[in-house]
Amino acid sequence: MKFTLSWLKEHLETSASLDEIVDALTRVGLEVEGVADPGAKLGAFRVARVLTAERHPQADKLQVLSVDAGDGPVQVVCGAPNARAGMLGVFGAPGAYVPGSDITLKIAAIRGVESNGMMCSERELELGEGHDGIIELPADAPVGTSFPDYAGLNDPVIDVSVTPNRQDCMGVRGIARDLAAAGLGALKPFHVKHIPGEDVGPEVRTDDPEGCPAFYGQAVSGVRNGDSPDWMRRRLLAIGQKPISALVDVTNYVMIDLGRPLHVYDRAKLQGGLVARKARAGEQVVALNGKTYTLGEGMTVIADEAEVHDIGGIMGGEHSGVSSGTTDVLIECAYFDPDHIARTGQKLGLTSDARQRFERGVDPAFLDDGLAHATALVLEICGGTASEVTRAGEPPLEPRVIRYDPRLCDSLGGLHVPPERQARILLSLGFKMGAIDHTDAYSDALFATVESPWPVTVPTWRRDVDGPADLVEEVIRIEGIDKVPSTALPHPPGVAKPTATPEQKLERRLRRAAAARGLDEAVTWSFVSGAEAAAFGGGAWRIANPISEELKVMRPSLLPGLLSAAARNLRQLPGGGVRLFEIGRRYLADAERSTLGVVLAGDRSQRNWRTGKATAYDAFDAKAEALALLAQAGAPVDNLQVLPVPSTVEGGEAGDAWHPGQSGTLRLGPKTVLAAFGMLHPKTLKAFDLTGPIAAVELYLDAIPAKRTQGFARPAYAPPALQPVRRDFAFLVPAELAADALVRAIKGADKANIVSARVFDLFEKDGEKSVAVEVVLQPGEKSFTDADLKAVSDRVVAAAAKLGASLRG
Amino acid sequence: MTDIETLHDRLLADTADADTLDKLEAVRVGALGKQGSITALLKTLGGMTPEQRQSEGPRIHGLREAITAAITGRKARLEQDALDARLASEKLDLTLPVDLPAPGTVHPVSQVMDELAEIFADLGFAVATGPEIEDDWHNFSALNIPDTHPARAMQDTFYLAGEHEPPMVLRTHTSPVQIRTMLAQKPPIRVIAPGRVYRSDWDATHTPMFHQVEGLVIDKGITLGHLKWTLETFLRAFFERDDIVLRLRPSYFPFTEPSAEVDVGYTMRNGRRVLGGSEGWMELLGSGMVHPRVIEACGLDPNEWQGFAFGVGVDRLAMLKYGMDDLRPFFESDVRWLKHYGFSALDVPTLSGGVGA
């Protein structure tokens with residue numbers, strides 16, 4: 001919401017400086033977004049008369065002017081076609097900065113003729129787009145005066161951000177009221193001229209009392225719709241509103257001045273009376289912005305017998321708008337229901353100054369005065385005779401009374417404000433308190449009669465205030481919210497208690513474990529493209545209004561985002577290694593699941609004087625990351641099984657994203673998948689514009705069993721008394737036998753004595769596979785005898801034999 | 001010169017001349033072995049008279065001890081020389097480079113969230129979470145934002161496709177966690193809720209996804225003064241500066257009443273804004289007293305329970321503290337940026353060590 005300082009002072013009697021006003025606006029909650037002073041940059045320009053204009057001796061399109069800017073004639077070369085002897089314009093002397101051209105003037109020879117300054121166009125002074133010629137000023141403009149003074153440009157424009165609750169501050173007068181309450185001056189009285197109508201009022205009615213509870217109309221006949229007066233044009237221009245014609249400018253002016261939107265119809269273009277009614281589905285209207293809108297049922301429109309002329313409270317129709325030839329008009333002053341306006345505006349995707357005001361709610365008690373004020377302005381500027389006012393329907397005027405205990409200011413707001421001061425603040429904002437209905441009516445004696453809690457009547461222009469907490473806010477924002485003293489929160493005795501949940505501790509621990517393992521934490525978008533999601537089985541959630549196709553589907557896996565990131569990094573740093581991880585959610589149909597993703601791409605190790613060539617990541621690197629992180633998460637890593645990634649495991653991951661022979665899942669029991677790991681399928685890599693090999697891991701954090709808490713004490717330390725015994729076994733095994741199956745079988749062969757079994761050698765030759773296993777036996781009370789060792793050894797060989805393995809000779 | 005003296009001198013000379021361990025061993029065997037010259041002399045002692053033995057014994061034994069000592073000394077010398085020679089031959093060029101394990105990093109957003117959790121835990125706040133795909137009721141209605149409210153136009157909401165009743169949105173703020181917390185637990189409540197939030201906005205200073213932290217206190221007798229103290233205390237701890245000054249401005253959020261925008265004071269240092277002091281003010285966060293209707297929507301009596309809430313951008317806090325001047329690279333995962341602004345795994349924020357790293 002923009003307004004100028006002089007405009008504000010129409011409503012506010014104040015001696016405050018601009019800075020004081022700006023500070024006060026921000027202090028009461030009207031945040032100042034900017035203050036512009038368009039005249040400040042034009043201080044060097046003056047009103048000047050062109051004394052003579054001669055053809056330039058060297059150029060057809062240039063003239064040599066003699067210009068008087070108050071200090072006698074100076075010679076100026078000018079290219080404007082409208083420059084002529086006798087005219088008045090705007091002159092910049094050497095040294096003046098021309099903002100629209102970004103140059104500082106200096107004395108120069110133009111085609112051999114000296115030029116001592118410049119006559120300026122609108123565009124050069126950033127006053128408009130005009131650049132066909134230089135500015136022409138009226139004949140009575142005083143030569144030599146500062147141009148900004150003459151043009152009234154020394155009126156600072158203040159731009160405030162009005163929060164959606166403040167309907168009243170969508171008009172300059174409302175802002176003045178807040179400032180007056182804040183002690184910056186006095187709100188000037190507002191006198192409305194009620195001009196008695198001479199004819200019968202126009203035919204208006206409302207058939208939609210929900211959407212348009214009140215529709216007031218007044219006709220004015222015999223108007224001349226020329227330009228609006230200079231003072232009005234200047235103010236509208238200053239705040240960025242384009243002056244159009246006197247009638248349109250009057251409605252815009254009243255809207256910005258008083259927050260009261262109006263609409264003016266050309267009666268010559270209407271057939272019969274106007275009615276506020278619900279639109280029929282499919283009905284169309286060409287609005288003032290030139291666009292055609294198809295209306296839906298439930299939208300409120302203003303129509304005559306033939307067609308729709310106005311999207312009620314949002315935008316007028318082009319057809320019945322006023323033009324220079326308009327002589328008879330109908331001025332509409334209506335009350336539209338805020339919710340209806342909001343819904344219609346949202347559905348049509350149409351916003352306007354009127355909508356912004358009706359949506360917040362206009363003052364329902366200001367229909368008569370608003371209409372009378374607008375009519376008086378029309379009569380004054382455009383002439384004509386007014387009819388009587390036709391009033392259809394009734395605006396919602398039930399007074400709202402809030403019971404307010406002033407101690408709430410202290411107990412909710414934390415600021416002590418004496419009750420009399422609170423009463424005065426509320427009164428100055430237009431609230432009434434019992435019998436006191438105005439600031440001037442306040443007296444201590446009368447105040448003493450107000451019952452408790454106070455019956456506070458909310459002004460009609462404050463729809464947002466509907467409870468005692470709102471009144472606390474009103475008091476505190478005027479008194480100064482910054483005065484609220486800091487009060488320490490009560491602190492329970494002792495050291496703060498731990499608050500993190502097991503899930504939070506798990507994430508924190510894994511994040512630092514991953515970083516400690518040399519992985520860089522990324523934060524990627526939660527949404528990916530449809531194709532990227534499809535590579536991982538597709539997403540369960542799609543955004544209806546995505547910002548782009550790339551950010552459309554909620555990720556079903558953390559890998560798409562990490563792969564895209566890896567691809568970007570490898571393009572950026574070819575030959576580098578990328579080790580990224582992320583902890584975040586997968587968005588599945590049933591839940592958002594906490595997940596850790598890892599992508600290992602590029603070089604695992606660079607070429608190196610010790611080891612030779614660069615190496616790439618393989619599936620065992622992925623397995624190592626998975627197990628290391630699971631171990632940090634407290635998962636029983638020794639008991640996990642490696643099983644293939646199924647096409648669709650619980651939760652909907654697609655195994656198809658992975659290399660079918662170089663990927664797996666780590667499971668606790670056959671069903672609980674704690675992690676997937678391995679190499680990605682070449683077609684997955686292609687989808688992300690990557691070339692392999694690329695390893696990845698995904699840990700499903702919510703599947704990891706919670707650590708059992710048994711207090712802090714560890715079990716007693718009891719190392720075995722006797723040394724362990726190591727025995728190596730080399731087996732020839734069927735090619736398809738998994739190493740893990742053999743190791744499990746060996747461990748199971750003598751659970752009492754075998755404490756570990758570990759593959760330490762593997763080779764395959766001529767279709768034969770040899771696996772060598774180191775078995776560690778732990779004696780208990782007594783050392784093993786040769787017979788004991790032979791028995792264990794026999795059991796190991798027998799267990800392996802069941803899997804088709806035989807001792808290598 | 002006697003034979004013994006001659007032998008003594010010869011053996012000493014041989015010992016000194018032995019320049020390998022093998023040669024020295026030959027000298028030893030020649031003198032002290034079974035057939036050795038000294039061994040032979042020792043054997044003569046048995047055939048001597050007591051008087052001869054009295055005079056020759058000490059000489060012969062003296063010879064044996066002297067030669068044994070000489071050989072032992074010479075052996076040690078030769079072994080030392082051999083070791084020195086071997087070690088000299090093993091010299092490496094230790095200026096050659098070694099591969100260090102790549103240092104990993106923690107993202108600044110995660111680091112700051114850990115810092116927040118640490119500080120607020122000391123003030124008695126737990127960390128709460130909620131879904132990011134949120135229903136319309138938790139994200140808007142329960143927060144006193146009806147569907148026609150102009151406030152909905154303040155936030156550019158992402159809606160989820162498909163028929164959902166109620167409609168589903170990507171949460172536009174962490175405030176729905178307030179609702180979920182109040183519904184799930186009885187007051188008194190002190191929580192913070194950090195997490196991802198989404199708005200359909202993408203320019204130099206906005207990204208469609210970013211991070212917020214919500215704070216909520218519900219108790220008896222909580223006022224705006226407690227809010228101010230909490231924010232001051234938190235920011236002073238977070239920035240580890242005692243001169244952090246806050247300025248409250250009245251504002252509007254549908255879910256708080258009264259509402260306040262909080263500015264933090266800054267000082268210019270070498271052309272950069274440094275938090276602390278009050279040369280200028282920058283907007284930092286939104287806050288207020290929880291609206292009675294929000295408390296009511298959660299099944300609590302607003303006459304009994306009241307409290308405050310605030311919401312602040314985590315990414316913004318990170319930028320202000322650690323000096324990033326652009327939000328967008330936070331989510332681009334450029335390894336160079338991550339390594340530059342990221343944190344070591346061991347930079348665990350603690351109160352005793354200071355939460356900053």
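**Close-up views of a predicted two-chain model**

**View 1. Pro258(B) belongs to strand 7 (residues 256-269) of chain B.** Helices (H or I, at least four residues) and strands (E, at least two) are DSSP runs, numbered from the N terminus. A cis peptide bond, with omega near -10°, leads from Glu257(B) to Pro258(B). This is a predicted model, in which local features need pLDDT of at least 70 and side-chain atom pairs count only at pLDDT 80 or more, while totals for chains, interfaces and linings use all residues; side-chain values use heavy atoms, leaving out hydrogens and water. Residues are numbered from 1 along each chain as its sequence is written, and chains are lettered from A and ligands numbered from 1 in the order in which they are written.

View 2. Pro453(A) occupies the loop between helix 12 (444-448) and strand 28 (454-457) of chain A. In general, most residues other than glycine have a negative phi, and most peptide bonds are trans.

**View 3. Chain B and chain A bury about 7,200 Å² between them.** Buried area is the accessible area (1.4 Å probe) that two parts lose on being put together, summed over both. Carbon and sulfur atoms give 57% of this area. On the side of chain B, the residues losing the most area to chain A are Thr148(B), Pro250(B) and Glu257(B), together 9% of what that side buries. In terms of contact (heavy atoms within 4.5 Å), 88 residues of chain B meet 78 residues of chain A.

**View 4. A salt bridge links Asp466(A) to Arg293(B).** The closest N and O atoms of this pair are 3.0 Å apart. The count between chain B and chain A is seven salt bridges, each a side-chain nitrogen of Lys or Arg within 4 Å of a carboxyl oxygen of Asp or Glu.

**View 5. Lys321(B), in helix 10 (residues 314-322) of chain B, reaches the backbone of Phe238(B).** A polar atom of the Lys321(B) side chain lies 2.7 Å from the backbone oxygen of Phe238(B). With neighbours within four places in sequence left aside, the contacts of Lys321(B) are Glu115(B), Phe238(B), Phe239(B), Glu240(B), Val355(B) and Gly356(B).

**View 6. Chain B is assigned two stretches, domain 1 (3-89) and domain 2 (107-344).** Domain bounds come from an automatic or database domain assignment. Taken over C-alpha atoms, the centres of these domains of chain B are separated by 91 Å. In chain A, the C-alpha centres of domain 2 and domain 6 lie 103 Å apart; the assignment gives these as residues 40-151 and 725-807.

**View 7. Confidence is lowest, among the elements of chain A, in helix 3 (residues 147-151), with a mean pLDDT of 84.** The pLDDT is the predictor's confidence in each residue, from 0 to 100. Strand 29 (residues 520-521) of chain A has the highest mean among these elements, 98. Over residues 648-653 of chain A the pLDDT is below 50, and this stretch has seven contacts in the model beyond near neighbours in sequence. Where pLDDT is low, the predicted coordinates should not be read in detail. The mean pLDDT is 92 for chain A and 92 for chain B. The model scores ipTM 0.89 and pTM 0.86.

Conventions:
A polar contact is a pair of N or O atoms within 3.5 Å; within protein, one must be able to donate a hydrogen and the other to accept it, and residues adjacent in sequence count only if both atoms are side-chain atoms.
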